[in-house]
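Visitor: I should like to go through this model term by term. Please set each value against the rule that gives it its name.

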Amino acid sequence: MQLLVIGASGRLGGAIVSEALSRGHQVTAQSRERRRVPAGALPAVGQPGCPQLLAEIVPGHDAVVFAVGRDRDAPDTLLSDATRALIAAMPAAGPRRLVAITGAPSDQIGSRSRWLPSRLLSPLFARPRHPDKDVQEDVIAASDLDWTIIRPGPIADGPLPGGLHALWPVPPNVQVAGVTSAEVAQFALDAVEHRRWQRSRPLVGHFA
């Protein structure tokens with residue numbers, strides 16, 4: 001497949017690019033800096049929500065994976081603004097399949113887990129979910145694209161006990177403990193390749 005990854009230089013984006021290349025796909029990788037584009041991918045350098053850039057890079061792809069993250073200096077509406085620009089560019093350009101990585105809602109993240117080693121606790125539990133991710137998800141859900149919103153648990157640095165699970169709808173009082181970047185990448189590529197979880201928002205990870 002011809003895949004476009006928006007946010008390819010981040011932790012999750014890089015893992016998604018690597019996984020896609022390992023499966024034999026051709027990948028265009030959007031990044032703000034050329035030096036951060038993963039090896040083997042076609043670079044697309046610019047801001048993730050730039051309409052001119054998106055008009056150039058979206059055509060010719062079979063699917064788009066949106067994996068833009070936020071740093072502390074990012075505008076409050078970075079995710080929703082970039083998502084709006086991408087959705088506006090997609091219908092005319094051809095691809096209808098959109099897989100977006102957002103994050104687990106705060107009330108679905110476990111505050112502790114008895115089986116996690118202490119070395120994982122610091123990288124595992126992320127900051128509370130940013131409000132703009134709620135807006136971003138609403139923008140995606142209101143579109144007529146074939147979308148999937150993946151809500152991973154907090155990202156862990158190392159392997160976690162137990163199997164990977166995905167839930168949608170999510171039962172009450174269920175909490176996710178964590179997930180690795182590689183697992184999110186594999187789940188996202190499976191969703192793209194097999195058109196799984198369409199118009200769903202699966203909670204993905206290892207559950208406490």
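**From values to terms**

Guide: The side chain of His-61 and the side chain of Thr-28 make a polar contact at 2.8 Å. The model is predicted.

Visitor: What makes the pair of His-61 and Thr-28 a polar contact?

Guide: A polar contact requires a pair of N or O atoms within 3.5 Å. The side chains of His-61 and Thr-28 are 2.8 Å apart in this contact, and the term therefore applies under that cut-off. A polar atom of the His-61 side chain also lies 2.9 Å from the backbone oxygen of Ile-57.

Visitor: Where does His-61 lie, and why is His-61 called buried?

Guide: His-61 belongs to the loop between α2 (51-57) and β4. Buried means under 20% relative accessible area; His-61 has 10% and therefore counts as buried. Beyond four places in sequence, His-61 touches Gln-2, Leu-3, Leu-4, Thr-28 and Pro-95.

Visitor: How do you know that Gln-30 is buried, and what does its side chain meet?

Guide: The relative accessible area of Gln-30 is 2%, and the limit for buried is under 20%, so Gln-30 is buried. The place of this residue is in strand β2. A polar atom of the Gln-30 side chain lies 2.7 Å from the backbone nitrogen of Gly-7, and a polar atom of that side chain lies 2.6 Å from the backbone oxygen of Gly-46. Outside four places in sequence, the contacts of Gln-30 include Val-5, Ala-44, Pro-48, Leu-53 and Ile-57.

Visitor: What makes Val-65 a buried residue, and which residues is Val-65 in contact with?

Guide: Val-65 lies in strand β4. With a relative accessible area of 1%, Val-65 is buried, because the term asks for under 20%. Leaving aside neighbours within four places, Val-65 is in contact with Leu-4, Val-5, Ile-6, Ile-16, Val-99 and Val-192. The C-alpha atoms of Val-65 and Ile-6 are separated by 6.2 Å, although these residues are 59 apart along the chain.

Visitor: Which residues have the most contacts inside the largest nonpolar core, and which elements give two or more residues to this core?

Guide: The largest nonpolar core has 28 residues, and those with the most contacts inside it are Val-5, Ile-16, Val-17, Val-99, Ile-101 and Ile-150. Two or more residues come from each of β1 (2-6), α1 (11-22), β2 (26-31), β4 (63-66), β5 (97-101) and α6. The most come from α6, which gives seven. Apart from this core lies another, of 27 residues, among them Leu-53, Val-68, Leu-78 and Leu-86.

Visitor: How do you know that the length of helix α6 agrees with its number of residues?

Guide: Helix α6 covers residues 181-194, which is 14 residues. The expected span is 1.5 Å times one less than the number of residues, so α6 should span 20 Å; its end C-alpha atoms are 20 Å apart, which agrees. The buried residues of α6 include Val-184, Phe-187, Ala-188, Ala-191 and Val-192. An α-helix has 3.6 residues a turn, so residues three or four places apart point the same way. After α6 comes Arg-195, whose phi is positive, near 55°.

Visitor: Why is the aromatic pair of Phe-187 and Trp-197 called tilted?

Guide: The centres of Phe-187 and Trp-197 are 5.9 Å apart and their planes are at 40°. Rings pair if their centres lie within 6.5 Å; planes under 30 degrees apart count as stacked and over 60 as edge-to-face, so an angle between those limits counts as tilted. The count by this rule comes to one aromatic pair. Phe-187 lies in helix α6 and Trp-197 in the loop between α6 and β10 (203-207), so the pair ties together parts that are ten residues apart in sequence.

Visitor: Are Phe-187 and Trp-197 buried or partly exposed?

Guide: Phe-187 has 12% relative accessible area and is buried, whereas Trp-197 has 28% and is partly exposed. The terms follow because buried means under 20%, exposed over 50%, and partly exposed in between.

Visitor: What makes Pro-159 exposed?

Guide: Pro-159 has a relative accessible area of 68%, and exposed means over 50%, so Pro-159 is exposed. This proline is found in the loop between β7 (155-156) and β8 (165-167).

Note on methods: Residues numbered from 1 in each chain as written. Predicted model: local features only at pLDDT ≥ 70, side-chain atom pairs only at ≥ 80, totals over all residues. Heavy atoms only, no water. Helix = DSSP H or I, 4+ residues; strand = E, 2+ residues; numbered from the N terminus. Buried < 20%, exposed > 50% of the residue type's maximum accessible area, 1.4 Å probe, protein only. Core = buried A, V, L, I, M, F, W, Y, C linked by side-chain atoms within 4.5 Å. Polar contact = N/O pair within 3.5 Å; in protein donor to acceptor, adjacent residues only side chain to side chain. Contact = heavy atoms within 4.5 Å. Phe/Tyr/Trp six-rings, centres within 6.5 Å; stacked < 30°, edge-to-face > 60°.
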